[in-house]
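This report examines the fold of one protein, element by element. Please keep the sequence and the structure in view while reading.

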Amino acid sequence: MEPVAMFPLGTVLLPAMPLTLRIFEERYRIMLGRLLDEETPSFGVTLIERGHETGGGDDRFAIGTMARITRVTPGAEDIVVLAYGGRRIRVTEWLDDDPYPRALVEDVPHLEWKDELRPLRDETERTVRRVLARAAEFSPTTWDPGIALADDPITSTWQLAGIAPLGPFDQQALLQSGTTGHLLRQTLDLVLDAEPGLTATATDEDFDAAIAALLRAEADDDTDDDEPR
């Protein structure tokens with residue numbers, strides 16, 4: 001089993017999703033230089049559970065995704081790398097990070113498609129697009145609600161999970177799905193759970209009420225201070 005170059009990140013890469021990296025650390029410059037000598041340069045991506053992207057010393061999730069490099073653009077201070085998520089992997093052993101993170105990995109089984117999942121997939125797509133559209137009314141979103149998806153049902157299912165407006169730990173849970181049905185149901189449930197927070201806004205009345213309550217609390221404190229002890 002050959003060691004695989006790894007790139008722990010604070011974000012999750014799902015299969016069939018793009019990834020943009022700005023490489024400036026020397027260890028990843030070395031990694032990139034070696035990868036570009038390969039016919040199909042690729043590396044593994046895992047989510048950092050605790051710690052930071054720079055400097056090392058982080059704790060990492062075991063389930064990740066292989067990223068295939070599609071474009072490299074050198075810059076004055078960093079190197080921009082575009083990659084595309086491929087198969088899922090499970091880290092069986094982390095190796096020494098010198099000169100860059102490496103691990104022994106095994107493939108996670110591919111998800112399978114069943115035609116009876118079509119209604120759930122369509123419902124999930126409608127919900128993800130609707131919540132994205134609503135969320136965009138309140139703050140910028142990463143993905144356009146009208147973005148085109150692949151025709152292949154498994155690919156488009158992963159893409160729905162990838163464009164869903166969720167945090168990295170929710171996306172990590174999606175990445176670890178054991179079946180296509182579970183992935184679709186989790187995506188739907190997590191997006192519905194996130195919707196209130198993504199679309200909440202404070203009204204002028206809410207703001208006025210909060211200020212009035214604060215002033216009353218301050219007045220009560222002043223009254224207590226004036227009372228004899």
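## Pairing of the strands

In this predicted model, Thr 46 has Gly 64 of strand E4 as its bridge partner.

One of the facing pairs is Pro 74 and Ile 79, the latter in E5. With four residues between them, E4 and E5 form a hairpin.

## The overall plan

How many helices and strands does the protein have? Its secondary structure comes to six helices and six strands. Read from the N terminus, the order of the elements is β-β-α-β-β-β-β-α-α-α-α-α.

The protein has 229 residues, and 41% of them count as buried. Among contacts with a separation of 6 or more, 65% are between residues 24 or more positions apart.

## The buried side of helix H1

Helix H1 covers residues 26–35. Its buried residues include Arg 27, Tyr 28, Met 31, Leu 32 and Leu 35. Because they cover an arc of only 135° around the axis, these residues lie on the same side of H1.

Against which elements do the buried residues of H1 pack? They pack against the strands E1, E2, E3, E4 and E5.

Leu 19 is found in strand E2. Is Leu 19 buried or exposed? Its relative accessibility is 10%, so Leu 19 counts as buried. Leaving out residues up to four places away in sequence, Leu 19 touches Leu 9, Leu 13, Phe 43, Val 45, Val 81, Leu 82 and Ala 83. Leu 19 and Ala 83 are 64 residues apart along the chain, yet their C-alpha atoms are separated by 5.1 Å.

Thr 157 is found in helix H3. Thr 157 has a relative accessible area of 2% and is therefore buried, the cut-off for this class being under 20%. When neighbours within four places in sequence are left aside, Thr 157 is in contact with Trp 113, Arg 121, Thr 180, Leu 183 and Leu 184.

Ala 16 is found in the loop between E1 and E2. Its phi is near 70°, a positive value in a residue other than glycine. Ala 16 is also buried, with a relative accessible area of 10%. The other place is the peptide bond that joins Asp 98 and Pro 99, which is cis, with omega about 5°. Pro 99 is found in the loop between E5 and strand E6, residues 102–107.

## The two largest pockets

The largest pocket has a volume of about 420 Å³. Its lining consists of 21 residues, and those nearest its centre are Thr 142, Trp 143, Gly 162, Ala 164 and Gln 171. Strand E2 (18–23), helix H2 (118–136) and helix H3 (153–163) each give two or more residues to this lining. Which classes of residue does the lining contain? There are 15 nonpolar residues and six polar residues, but no charged residues.

The second largest pocket has a volume of about 200 Å³. Among the residues that line the second largest pocket are Glu 2, Arg 34, Leu 35, Glu 38, Met 66, Arg 87, Tyr 100 and Arg 102. Strand E1 (4–9) and helix H1 each supply at least two residues of this lining. By class, the lining of the second largest pocket divides into six nonpolar residues, one polar residue and five charged residues.

Notes. Residues are numbered from 1 along each chain as its sequence is written. This is a predicted model: local features need pLDDT of at least 70, side-chain atom pairs count only at pLDDT 80 or more; totals for chains, interfaces and linings use all residues. Side-chain values use heavy atoms; hydrogens and water are left out. On a 1 Å grid over the protein atoms alone, a cavity is a set of points where a 1.4 Å probe fits but cannot get out, and a pocket is an open set with protein on both sides within 12 Å along at least five of seven lines; lining residues have an atom within 4 Å of a point. Grid points are joined across faces, edges and corners, and a volume is the space filled by probe spheres set on the points. Ala, Val, Leu, Ile, Met, Phe, Trp, Tyr, Cys and Pro count as nonpolar, Asp, Glu, Lys and Arg as charged, and the others, Gly among them, as polar. Two strands pair if DSSP finds at least two bridges between them. Buried means under 20% relative accessible area, exposed over 50%, partly exposed in between (1.4 Å probe, protein chains only). Contact means heavy atoms within 4.5 Å. The arc is that of the directions from the helix axis to the C-beta atoms.
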